[in-house]
Each structure stands twice: as structure tokens, then as C-alpha cells.
Amino acid sequence: MTSPLLITPGAVTAESTDNGVAAHYGNPAHEGRAIDRSSAWVDRSNRGVVRVSGPDRLGWLDDLTSQLTKDLAPGTATESLILDTRGHLRHHLSLVDDGEAVWIHTEPGDGPALAAFLDSMRFMLRVEVTDLSEERAILTVLGPDRDKVVAALDLDDVPVRAAESETDLFLPVDRLVSTAEALTEAGTRPAGMWAYEAHRISEHRVRPGLDTDERTIPHEVDWVGRAVYLDKGCYPGQETVARVHNLGRPPRRLVMLHLDGTAERLPEIGADIELGERRIGRVGSSARHHELGPIALGVVRRNSPTDTDLVVDGIAAGQEVVVDPDTGANAQIDLRRRPR
């Protein structure tokens, strides 16, 4: 899908993963400042959208995913993961329940696969799964003034996911342009994916497929607490999550990288992170932040030094610890000698 919002003045099309929506609208630095200081809307209409309805939906999702959803109150935004039996990521879900259905958005292109997987797991339960990726479009509003500008919109019958740092609108596709225009008229600035990604990276929020690979487990990338609820019943992959939490530390850890600003390029996704001549990890997404300069997320070996500068795809970089090397190993084991 090519977004109709690409006709917005100044719009420049994004490439690669976010092809079809705007990378920026002429001034990414100003767009980033609006996200931090006032309000901005971001076209994320390339996201996959899935709707799950039926009276058994919340308990069913609780059994399938890493998040506690069985008692999820309407309007409560959360994230969840679908893992394989070894604890590796299959799908990432950003979701909200509206009292009648759970609305989910996921990575571009992943809507049909997510819907197909969920549909295959329905069995005899009273749930219905619908892929609405072609019918619904995500428009995200960010910034300290976002609640005020969203409240002024006519959003009758539009599910709203109000998370900690952003608000997602699950708009019918034919209302995407009119809603964006209403926000702009109210003083909300259009912002492209360049500014959005810079904001996301600065908040240490990983993006599946960019900051993760086929070996990623939740503890490595700071998903525990955010997308994983530790004190709940069984779900696929829980054994790995519990084992790392209680007995061991994950093999890798997430870092934010402050890249050398004199470099004229950003690192390629998946490129090596090196310490001296030794490869210690891979870099994920990167962007130019309006205040922090060029930044990136990466995963490195857990036991790598935390206070050493690194080289990322040939670019010098300082590291900011996101996941502590000692995360996990929370079991309280009391070993006592058996009395004679």
C-alpha cells in the first residue's frame, strides 16, 4: 500500500521496511522537535492490523502470548509477544481492547501471517480473527500535547491505543487523509519515519526485524515488563523466559550507540559491532536525532565491557547500557546441609 498522505506538501517516500509512507516532510530536525516539545502526527499506515473479537478473546490471547491479557481493561494499551517453543520471537503485537474486540497492529507486511497463525489456534473457542491491513490504517500522534489534540478529533467508532509515549488511531483508510488534515489544522506537525525512528531509538524501544534476529529472546532486548508478564500461566516460550529470569543471564544485551557525528553515513542493519579486532555483536536500527545526533540500537555479548568505546560498521561509537549484564539470575536458592 502506498499511503495517500504522500501527497502532503514536502513528503519524501521512505525506503526499505517503511516503503509506502513518508520518511520526512522537508525538515526532519523540526519534526523531531515537535515530537519532543508539542505534537506531531506520523503516518504508519503500512503497519499490519488484525482484529480479534468474541467472548473468549482475552483469555485465549493470554494462553498464546507473553502478556497478561485475561483481565485487560478496555482502553488499556499494552504490548505482547508470540514466541516459539524455544523463546524466540515470532510476532510482536501492539494492542488495545475496546470492550468488544482486541485491536492489534504489527510490523509492515506481518498482518496476514499473524492473522493466519491466530486463526489456526482458535480450535473450539469463541473467537474470530480478521486481517484488516487493507481496510485500517495506523496514524500515530506523539508529543506532550497529544492528548489535547486527539481529544478534539471526531473519533466515533475509531479504536484508540493511548500508550505511554504515543497514541495510535486505527482509522478506516478513507478517513486517514481527513484526520491528518484536521490534526495539521489544529497545529500538529506532520513528522516522517526518520523523526519517529530517532525518537523510538532514543527511548530504547526495539523494533522486530531490525533490532532482533532469529536468536533474540525477550530478556536481551528489554521486553520483560514491557511485553512480557512474568507471573502468569503457561504460554509457548515461557520455559526459556522463566529459566533466564530465574537461573541464568541472556547471552546478549541491548545497548544504545552514540555514533561519531563526523561520519557521513549510518551503519547498515546487521553490520558488525567490534571491540578491537573482535566481533561482539550486531547493529540494528539507526537514525539522526535532532539533539543526540546519530544514534543506533545494537546487541552485544553479555560479558562485553560496558565502559569501552566500540566500532560499528567502521564508525566509532560510545555505548549506553540498556540491558544490564547481570539481568536475570533472580532465583533465591538456599543450599543447606542435610542434618546428620
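In this predicted model, Trp 41 has Pro 190 of strand S12 as its bridge partner. Trp 41 belongs to strand S3, which covers residues 40-44, and S12 spans residues 189-191. The two strands run parallel and are joined by three bridges.

S3 and S12 are part of an open sheet of five strands, arranged in the order S10-S11-S9-S3-S12 with mixed pairing. S12 stands at one edge of this sheet and S10 is the other edge strand, each pairing on one side only. On average, neighbouring strands of the sheet are turned by 25 degrees against each other, direction ignored.

Trp 41 also takes part in an aromatic contact. A pair of aromatic rings is described by the distance of the centres and the angle of the planes. The model contains two aromatic pairs under the rule that ring centres lie within 6.5 Å. In the pair formed by Tyr 25 and Trp 41, the centres are 5.7 Å apart and the planes stand at 65 degrees; because an angle over 60 degrees counts as edge-to-face, the pair is placed in that class. Tyr 25 is located in the loop between strand S2 (22-24) and helix H1 (28-37), whereas Trp 41 is in S3, so the contact ties together parts that are 16 residues apart in sequence. Both Tyr 25 and Trp 41 are buried.

The largest pocket has a volume of about 800 Å³. Its lining comprises 31 residues, and those nearest the centre are Trp 194, Glu 197, Leu 266, Ser 286 and Ala 287. Two or more lining residues come from each of strand S1 (12-13), H1, helix H6 (193-202) and strand S15 (278-289). H6 gives the most to this lining, with six residues. By class, the lining of the largest pocket consists of 15 nonpolar, nine polar and seven charged residues.

The second largest pocket holds about 490 Å³ of space. It is lined by 27 residues, with Glu 79, Arg 161, Glu 166, Arg 205 and Arg 226 nearest the centre. At least two residues of this lining are supplied by each of strands S5 (78-83), S6 (89-97), S10 (160-162) and S11 (166-172), and by H6. The largest share, four residues, comes from H6. The lining of the second largest pocket has 14 charged, eight nonpolar and five polar residues.

Key: Residues numbered from 1 in each chain as written. Predicted model: local features only at pLDDT ≥ 70, side-chain atom pairs only at ≥ 80, totals over all residues. Heavy atoms only, no water. Phe/Tyr/Trp six-rings, centres within 6.5 Å; stacked < 30°, edge-to-face > 60°. Buried < 20%, exposed > 50% of the residue type's maximum accessible area, 1.4 Å probe, protein only. 1 Å grid on protein atoms, 1.4 Å probe; cavity = no way out; pocket = protein on both sides within 12 Å on 5 of 7 lines; lining within 4 Å. Points joined across faces, edges and corners; volume = space filled by probe spheres on them. Nonpolar A, V, L, I, M, F, W, Y, C, P; charged D, E, K, R; others polar. Pairing = 2+ DSSP bridges. Axes fitted to C-alpha atoms, helices over the stretch in contact; angles between N-to-C directions.
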